Amino acid sequence: MGEYLKAKSGNRIYYKSDKLESPKATVLINHGFAEHLGRYDYLAKELNQSGYNVYRYDLRGHGRSGKRKGHIESYKDFVDDCREMVDLIQANGEEEIFMLGHSMGGLVTFLYGIEYKDTLKGQILSGAAVGKLPSVRGIRPILLKIINVFFSNRMMENPVTDDICSDPQVVEAYREDPLVLKEATVNFYVEFLLNAANYALDHLKEYSYPCLILQGEKDKIVPKEIAKKLHSEISSKDKKIKIYEDLFHEILNEKSKDLIISDIVDWLDSRI
């Protein structure tokens, strides 16, 4: 069972902790857009078996967190909530912390890395949405922002479809999952796809954490060019990129996920 953390903002953050008696370190997971922490059960179990404590939480407006599903006021609220989770972990006496973020959660992880440069041992970015995504290339940003002025609370359909994974069972489970967001407000999309992405791109060189960048070669949601640009332009001295041939966006849900998890554990083990 999970627990609720009441953040300083008043937001209620639903989280789970999978802890060991003598862990090597702790991994905090930021899930992607429209997801929830339950989709990382397998990863949490495998990290536990490899000796790591795991914390994961529903990002604001997702799953069981926040007052309104599919809505955020500002992308900065994601970063604030993430900091609250790090504070919680540290308050529990766990100082050796890594952060793993997938897709939008990878963007949140990256933004956290820019804002808080000395609270973590390193970060893992999986299909991180640190850039302009294909889903908004056909929409003029200025037009979306104008629409947001008048219709910020209007709901827009979740554009994520069969492209999340090459395994049809994963896609079907995603479609049928009652905790997966089916829609979000116009303001959510503006904050995530435009404001947060633009800020990240403008501050790439300010990022300096040790990081492992993971990417599916056939990812249509966050193309591999975004991962390559990220790896090329950040200031981290300790940085590594791995692009997995034939894999789609959710590499941690692909049939070869154990290989990716093994690569993650190897990277973690070499930094503790």
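Biologist: Is Glu-84 buried or exposed?

Modeller: Glu-84 is buried, as its relative accessible area is 12%. Buried stands for under 20% relative accessible area, exposed for over 50%, and partly exposed for what is in between, with a 1.4 Å probe and protein chains only. Please note that this is a predicted model, in which local features need pLDDT of at least 70 and side-chain atom pairs count only at pLDDT 80 or more, while totals for chains, interfaces and linings use all residues. Residues are numbered from 1 along each chain as its sequence is written, and side-chain values use heavy atoms, with hydrogens and water left out.

Biologist: Which helix holds Glu-84?

Modeller: Glu-84 belongs to helix α2, residues 76-91. Helices (H or I, at least four residues) and strands (E, at least two) are DSSP runs, numbered from the N terminus.

Biologist: And what is Glu-84 in contact with, leaving aside neighbours within four places in sequence?

Modeller: With those neighbours left aside, Glu-84 is in contact with Leu-5, Ala-7, Lys-8, Ser-9 and Ile-13. Contact means heavy atoms within 4.5 Å.

Biologist: Staying with α2, how do the axes of α2 and α3 cross?

Modeller: They come within 9 Å of each other and cross at roughly 75°. The two helices are therefore roughly perpendicular. Axes are lines fitted to C-alpha atoms, for helices over the stretch in contact, and angles run from 0 to 180 degrees between N-to-C directions. Angles under 35 degrees count as roughly parallel, over 145 as roughly antiparallel, 65 to 115 as roughly perpendicular, and the rest as oblique.

Biologist: Which residues make the contact?

Modeller: From α2 there are Phe-78, Val-79, Cys-82, Arg-83 and Val-86, and from α3 there are Met-104, Val-108, Leu-111, Tyr-112 and Glu-115. Eight of the residues in the contact of α2 with α3 are nonpolar, none is polar and two are charged. Here Ala, Val, Leu, Ile, Met, Phe, Trp, Tyr, Cys and Pro count as nonpolar, Asp, Glu, Lys and Arg as charged, and the others, Gly among them, as polar.

Biologist: How does α1 meet α8?

Modeller: The axes of α1 and α8 come within 11 Å and cross at roughly 45°. That angle makes α1 oblique to α8. The crossing of α1 past α8 is right-handed; a crossing is left-handed if the near helix is turned anticlockwise from the far one by less than a right angle, and right-handed if clockwise. Tyr-42, Leu-43, Glu-46 and Leu-47 of α1 make the contact with Lys-257, Asp-258, Ile-261, Ile-264, Val-265 and Leu-268 of α8. The residues of this contact are seven nonpolar, no polar and three charged.

Biologist: Where is Glu-35?

Modeller: Glu-35 is in the loop between β3 and α1. At 2% relative accessibility, Glu-35 counts as buried. Apart from neighbours within four places in sequence, Glu-35 is in contact with Tyr-40, His-62, Gly-63, His-102, Leu-179 and Glu-250.

Biologist: On to α7: which residues there are buried?

Modeller: In α7, residues 224-233, Ile-226, Ala-227 and Leu-230 are buried. They cover an arc of only 100° around the axis, which puts them on the same side of α7. The arc is that of the directions from the helix axis to the C-beta atoms. The buried residues of α7 pack against α3 (104-115), β6 (122-126), β9 (211-216) and β10 (239-244).

Biologist: Lastly, the backbone: what is the phi of Ser-103?

Modeller: Ser-103 has a positive phi of about 55°, although it is not a glycine. Most residues other than glycine have a negative phi. Ser-103 lies in the loop between β5 and α3 and is buried, with a relative accessible area of 8%.

Biologist: And what about the phi of Asp-246?

Modeller: Asp-246, also not a glycine, has a positive phi of about 70°. Asp-246 is in the loop between β10 and α8 and is partly exposed, with a relative accessible area of 39%.
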